[in-house]
Amino acid sequence: MAPDDIYGNKSRYENYVSDLNKLTKKPKQGIYYCKNKSNLKYFRRLIKSFEVDDLSYIRRLRLLHIFKVLTHIVNVDIKNINGLERDEIIIKLRETNAQSQLKKLEVDIKGIGRKIFKDEEMPKFFTEFRIKTDIARQIARKDKLSYEEFDKIMQYFSNNQTIQAYLSIAFETLARPQELLYTKISDLDLKDNYAIINISEHGKEGIKKLLVIDSFPYLIKMYSNHKNNSDKNYLFLNQNGEQLTPYTINKKVKIACKKLNIDKPITCYSLKRFGVTYRRLLGDSDTTIQKIAGWNSTRQLKVYDLSTQEDVFKQELIKRGLIKSNAKDSERIRSKNCQYCGELIGFAEKICTNCNHILDRNMIKERIKKDEGMICFLEGIKELKENNNELFEAIQNIGKNKDLIS
């Protein structure tokens, strides 16, 4: 039986299938329900196929929802869907889904057909189902992060070691929330200046490893203050010492973005997209990214790479020295050693966590400007004081001369 996931989808699925007859009733919340009772037998076939294939619960719920939508749009036995009803389904799916999701829907609907009718002839609706997509109508994702935004978010969580460690590790290793949040202390292999995280369960690609180098300082800082170093304990814990969840992280990041004026729906998966996009723009090969992420192929790059033609143009101009840019646009993010005390610190740190020296160039420049301003201010006060002293002496001399005259 498939294991539960970090999102608690097992209980949702069990609740879904506990009483299939409720699928034919109009729900109090939501829109979709199965209009034709004859389609319930196909739901049962679909559920049986899930058990045979041992699909993950999140995948089961997705396919069940898609099938429920289909049986809601047309009030006929799906085996008897004709051309007009097929067109009605396509029109409705276009209205309710983004262009980028249509091709995946097509694949899922065909997959549902194969699961339901694997022992008999599959209806034409499933074998010939096509949704034509218009590339020109596709809209860019709204959760595309820039390095400056990511840096601000990292700074915001400077007092929350766990969230800061999660953000940096998710970005560097391209890991899924499920993989990281099920990591236990026993899965952590700490070296002198890097670490390896062994994904032994809840990995979509099975057993794999994650390499932590530039996020190592954040990992160590969190680990050294871990509430319970038992091997059985999860690596990422909330304030109550319980397993951290994507919901908690997403909620905290949403609050951070609002306070930082970052008007984007950033979630745990945004970090994975940002990491893939960042590596690609820096010139990492598709195979390198695949191996870093632990994927079985490079096909997933199409899903996570958010780089645009404009991004690539900018990188080319930077490489040729034709335009200036922030160093972070063209240089890989790396952990660093404090130039004053030698302490290994995180890539987003502006001040050494050991000796408190300022390390960021812009902050140093601002400090110099402030210091120069303060020096000018103090010199002005000194000059004013000297002028006042001279004036006071002059007044005293006037008084003395008056006494002599009298």
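I started with helix α3, residues 57-73: 17 residues, with 25 Å from first C-alpha to last, close to the 24 Å expected at 1.5 Å a residue. Expected span here is 1.5 Å times one less than the number of residues. Helices are DSSP runs of H or I, at least four residues, numbered from the N terminus.

Ground rules for myself: this is a predicted model, where local features need pLDDT of at least 70 and side-chain atom pairs count only at pLDDT 80 or more, while totals for chains, interfaces and linings use all residues. Residues are numbered from 1 along each chain as its sequence is written, and side-chain values use heavy atoms, without hydrogens and water.

Next I checked burial (under 20% relative accessible area, 1.4 Å probe, protein chains only). In α3, 13 of the 17 residues are buried, so the helix is largely enclosed by the rest of the structure.

Then I went to the rings. I found 21 aromatic pairs, a pair being Phe, Tyr or Trp (six-membered ring) rings with centres within 6.5 Å. I picked Phe-171 and Tyr-278: their centres are 5.7 Å apart and their planes sit at 70°, so I logged the pair as edge-to-face (planes over 60 degrees apart). Phe-171 is in helix α8 and Tyr-278 in helix α12, 107 residues apart. Phe-171 is buried at 8%, and Tyr-278 is buried too, at 11%. Both belong to one aromatic cluster, whose members include Tyr-147, Phe-150 and Phe-347.

Last, I looked for charges over rings (NZ of Lys or CZ of Arg within 6 Å of the ring centre and within 35 degrees of the ring normal). Arg-60 lies over the face of Tyr-13, 5.0 Å from the ring centre. Lys-272 lies over Tyr-304 at 4.9 Å.

Technical notes: Helices (H or I, at least four residues) and strands (E, at least two) are DSSP runs, numbered from the N terminus. Buried means under 20% relative accessible area, exposed over 50%, partly exposed in between (1.4 Å probe, protein chains only). Rings of Phe, Tyr and Trp (its six-membered ring) pair if their centres lie within 6.5 Å; planes under 30 degrees apart count as stacked, over 60 as edge-to-face and the rest as tilted.
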